[in-house]
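Work through the exercises below with the model open. Try each task before reading its solution.

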Amino acid sequence: MSEIVVSHGYGASDDSVWFPYLTEQLAQAGHRVTVPRLPETGAPRLEPWRKTYGEAVLAAGPAESTVLVGHSIGAVNVLRFLEQHDPAVHGVFAGVLLVAASAHEVGYDELAEFFEGGFDWERIRRSARDFRVLQALDDPVNQPDPTEHVRLLVQGLGAIAVVTPTGAHFGATPDDHVEVPEAVRLVTELLDA
């Protein structure tokens, strides 16, 4: 059994967007999905989010059989966690999937601290075997050019990207319950790599 630990996005929780679908689909394949509820989801702060997510990740199981998943600002939270992760002590993760991820600030002042100082791409890359990025061209958040975020993430992480023509933000509000088969496929790909 492999572990998948998801960092949800702004205003979301463990039962938001495509997380129930991901959990159901991967459980059928014998995997366990954990979506820790991050504190103050309506007013995210980097340090409490990174700490809460990190505790859930380290409690999940061995890094080599664990895939980290992040949605929206949750994807940035995963990157910030990986910047502080010590692979020599805690192991290298099987993979990372970033869904609707922003590579830089996109105009939400309340989330600006998540992007301060840029990313330590080299340190992040050392913490996982493989990276995948899933982005939709019609994403209303990562504007004006969602492909710019994809390009920066692929360049920084050596990631493989899947860009869909539609999908928006893969769940714009926490109560949008959508199926994202591509996310299931990419997590499975990371587990099988």
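The model is predicted: local features need pLDDT of at least 70, side-chain atom pairs count only at pLDDT 80 or more, and totals for linings use all residues. Residues are numbered from 1 along each chain, and side-chain values use heavy atoms, without hydrogens and water.

**Exercise 1.** Check the span of helix α3 (residues 73-84), then decide how enclosed α3 is.

Solution. 
- Helices are DSSP runs (H or I, at least four residues), numbered from the N terminus.
- The expected span is 1.5 Å times one less than the number of residues.
- Buried means under 20% relative accessible area (1.4 Å probe, protein chains only).
- 11 of the 12 residues of α3 are buried, so the rest of the structure largely encloses α3.
- Among the buried ones are Ile73, Asn77, Arg80 and Phe81.

**Exercise 2.** Describe the surroundings of Arg50.

Solution. 
- Arg50 sits in helix α2 (residues 46-60).
- Its relative accessible area is 11%, so Arg50 is buried.
- Its side chain makes a polar contact (N or O atoms within 3.5 Å, one able to donate a hydrogen and the other to accept it) of 2.6 Å with the side chain of Glu47.
- Leaving out residues up to four places away in sequence, Arg50 touches (heavy atoms within 4.5 Å) Asn77, Arg80, Phe81 and Gln84.

**Exercise 3.** Which residues are the closest to the centre of the largest pocket?

Solution. 
- The largest pocket has a volume of about 270 Å³.
- Of its 20 lining residues, Tyr10, Ser72, Ile73, Val141 and His169 are the closest to the centre.

Note on methods. 1 Å grid on protein atoms, 1.4 Å probe; cavity = no way out; pocket = protein on both sides within 12 Å on 5 of 7 lines; lining within 4 Å. Points joined across faces, edges and corners; volume = space filled by probe spheres on them. Helix = DSSP H or I, 4+ residues; strand = E, 2+ residues; numbered from the N terminus. Buried < 20%, exposed > 50% of the residue type's maximum accessible area, 1.4 Å probe, protein only.
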